[in-house]
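Biologist: I'd like to learn how to read a few features of a model like this one. Could you walk me through them?

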Amino acid sequence: MTLAKTRSVSLVGVDGCVVDVEAAITSGVPGLHLVGLPDTALSEARDRVRAAIFNSGEDWPNRHVTVSLCPASMPKKGSTFDVAIAISLLAAAEVIPARACADLVLIGELGLDGRLRPIQGVLPAVLAAANQGCRTVVVPRANAAEAELVPGMKVVPASTLRGLLCLLRDEPPPVEEDEDDGRSFPADGLAIRQQDIPLDLDLADVRGQAEARQALEISAAGGHHLFFAGPPGCGKTMLAERLPTLMPPLEPDIALEVTAIHSVAGTLRPGQPLITQPPFYAPHHTASRASMVGGGSGRVLQPGAVSLAHRGILFLDEAPEFCGGTLDALRQPLEEGEVRISRIEGMACFPARFTLVLAANPCPCAAAKQIDCSCAPGMRRKYASRLSGPLIDRIDLKLELTPASRAELRYDLEFAESSKVVAERVLLARERTVRRLAGTPWRCNSEIPGPELRRRFTPSAEAMEGADEALQRGALSARGLDRILRVAWTIADLAGHDEPGPDDVGGALTLWSAGRQ
Ligand SMILES: Nc1ncnc2c1ncn2[C@@H]1O[C@H](COP(=O)(O)OP(=O)(O)OP(=O)(O)O)[C@@H](O)[C@H]1O
Ligand SMILES: [Mg+2]
Ligand SMILES: [Zn+2]
């Protein structure tokens, strides 16, 4: 009997685990037996591996071959084990030296022609391998740039199985390795592409709307959720789309975290492996619950919009038009900063910490002026109530916009600050927050948990007077109070105050209470 071993990675959501792939060749009835893979994946992998080996000019070992993937209990989906299966099998057949592949981690799908096809989720897979002490990983060439983002990992790109075999045998590579990197992702109905917003958007494009601009600044500085209500054409969409221009680039560890999600989703752009800017996602109001929170029955679990917007912005334009179930599904990720999707094979978890921005017209007829509204009495209220109380309760900053006046539209040009100027203030405020939160896991004010907020970050009694009074009147709930405190800290950080004063708390209270009767 001859034995050989190599490794690969199994991925559930963005969590990876190193899997041992062992091949044994024994006398007995010729055939390939795969152990430790689910049935459907099993037969597909067997066919691909067999064809790829044949088309790479190698002989198929005409003996009894067993390849086992362990731990066997671990859920294994998709086709990422193909290369490891082929290599372990060929090592057991002594086509390549067994020691050449023992310490490698091999990730990739095989085409029938022997090409290494790129897979989704390379970044989290390689991150997991690195965390579990692996040092060298072989990936499809098209995934190499993404794999190289992982510090301390040696990445060996391979285009074809033949090329990889040459490498492992210390032979010169085959001439003319095809340049085509085989990049064609499976079309999965749930995949949402990264949405492009034009790069030249600037806050200076917005005239007037001083309060809305300030709310955007506070949201960017503290990560607070935002709700714009107002008649058509008053600039809700325009304002929301400019929020990303105020946010600082992602810090290196966060950038990796965000990229890992987009790697699984297949939404990374070729040639741009690392996402460094906060993502902006604006799903259409017809979006299903599954596309919002993730799931899917495809080969790979798809993260939903809430995860694709992780560390960035999830913008729901025309929010009341979304179906109730889709909106309700937002509550759990809003509360916990992650989504859990339960599957037959177990639970998958995707990070989902985003800034929620909602925009809504006051009524379904969308009349520009209230006087022109043709909606039946009660209709306006009903429309607004589609955004359920618990959801609106989680929004820190609520604004009722009115259209900018003609004078503002005409003359405000020179007063309107540019995104660059505001982004600099946001950055300073964030630095102040980070200094204060040093030694804690939180980076911005919106992340501070309630109990901690009340224990360590309560403003002076004088500053709290207005809020206390609102509490007593019943105009403010305990949860509302926490939200106000967080925003008050962000307003103070923007103003350079050591702690929130009466004006900072008052400002937060106003922004929280608007839009409620
Ligand atoms: N304050 C403003 N400054 C500059 N342009 C504005 C302003 N408000 C509105 N506009 C102009 O009006 C257009 C419509 O704005 P926008 O689409 O953002 O409105 P909206 O509130 O989202 O409307 P709807 O409810 O119909 O979606 C903008 O593209 C812009 O040209
Ligand atoms: Mg709009
Ligand atoms: Zn109406």
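Modeller: Gladly! Helices here are DSSP runs of H or I with at least four residues, strands are runs of E with at least two, and both are numbered from the N terminus. Keep in mind that this is a predicted model.

Biologist: Let's turn to helix packing. At what angle do H2 and H6 pack?

Modeller: H2 and helix H6 (residues 161-168) pack at about 45°, with their axes 12 Å apart. That makes H2 oblique to H6. The crossing of H2 past H6 is right-handed.

Biologist: How do the axes of H19 and H21 cross?

Modeller: Helix H19 (residues 461-473) and helix H21 (residues 502-513) have axes that come within 6 Å and cross at roughly 30°. H19 is therefore roughly parallel to H21. Their crossing is right-handed.

Biologist: Now the ligand. Which residues come nearest to ligand 1?

Modeller: A shell residue has a heavy atom within 4 Å of the molecule. Ligand 1 has 16 residues around it, and Arg 207, Gly 233, Lys 236, Thr 237 and Met 238 come nearest. By class, the shell holds 7 nonpolar, 5 polar and 4 charged residues. Helix H8 (residues 236-241) gives the most to this shell, with 3 residues.

Biologist: Which polar atoms lie by the oxygen atoms of ligand 1?

Modeller: Look at backbone and side chain separately. A polar backbone atom of Met 238 is 2.8 Å from an oxygen atom of ligand 1, and a polar backbone atom of Cys 234 is 3.3 Å from an oxygen atom of the ligand. From a side chain, a polar atom of Glu 318 lies 3.4 Å from an oxygen atom of ligand 1.

Biologist: How much of ligand 1 does the protein bury?

Modeller: Taken alone, ligand 1 exposes 640 Å², and the protein buries 67% of that.

Notes. Residues are numbered from 1 along each chain as its sequence is written. Chains are lettered from A and ligands numbered from 1 in the order in which they are written. This is a predicted model: local features need pLDDT of at least 70, side-chain atom pairs count only at pLDDT 80 or more; totals for chains, interfaces and linings use all residues. Side-chain values use heavy atoms; hydrogens and water are left out. A polar contact is a pair of N or O atoms within 3.5 Å; within protein, one must be able to donate a hydrogen and the other to accept it, and residues adjacent in sequence count only if both atoms are side-chain atoms. Accessible areas come from the Shrake-Rupley method with a 1.4 Å probe; for residues, only the protein chains shown count as cover. Ala, Val, Leu, Ile, Met, Phe, Trp, Tyr, Cys and Pro count as nonpolar, Asp, Glu, Lys and Arg as charged, and the others, Gly among them, as polar. Axes are lines fitted to C-alpha atoms, for helices over the stretch in contact, and angles run from 0 to 180 degrees between N-to-C directions. Angles under 35 degrees count as roughly parallel, over 145 as roughly antiparallel, 65 to 115 as roughly perpendicular and the rest as oblique. A crossing is left-handed if the near helix is turned anticlockwise from the far one by less than a right angle, and right-handed if clockwise.
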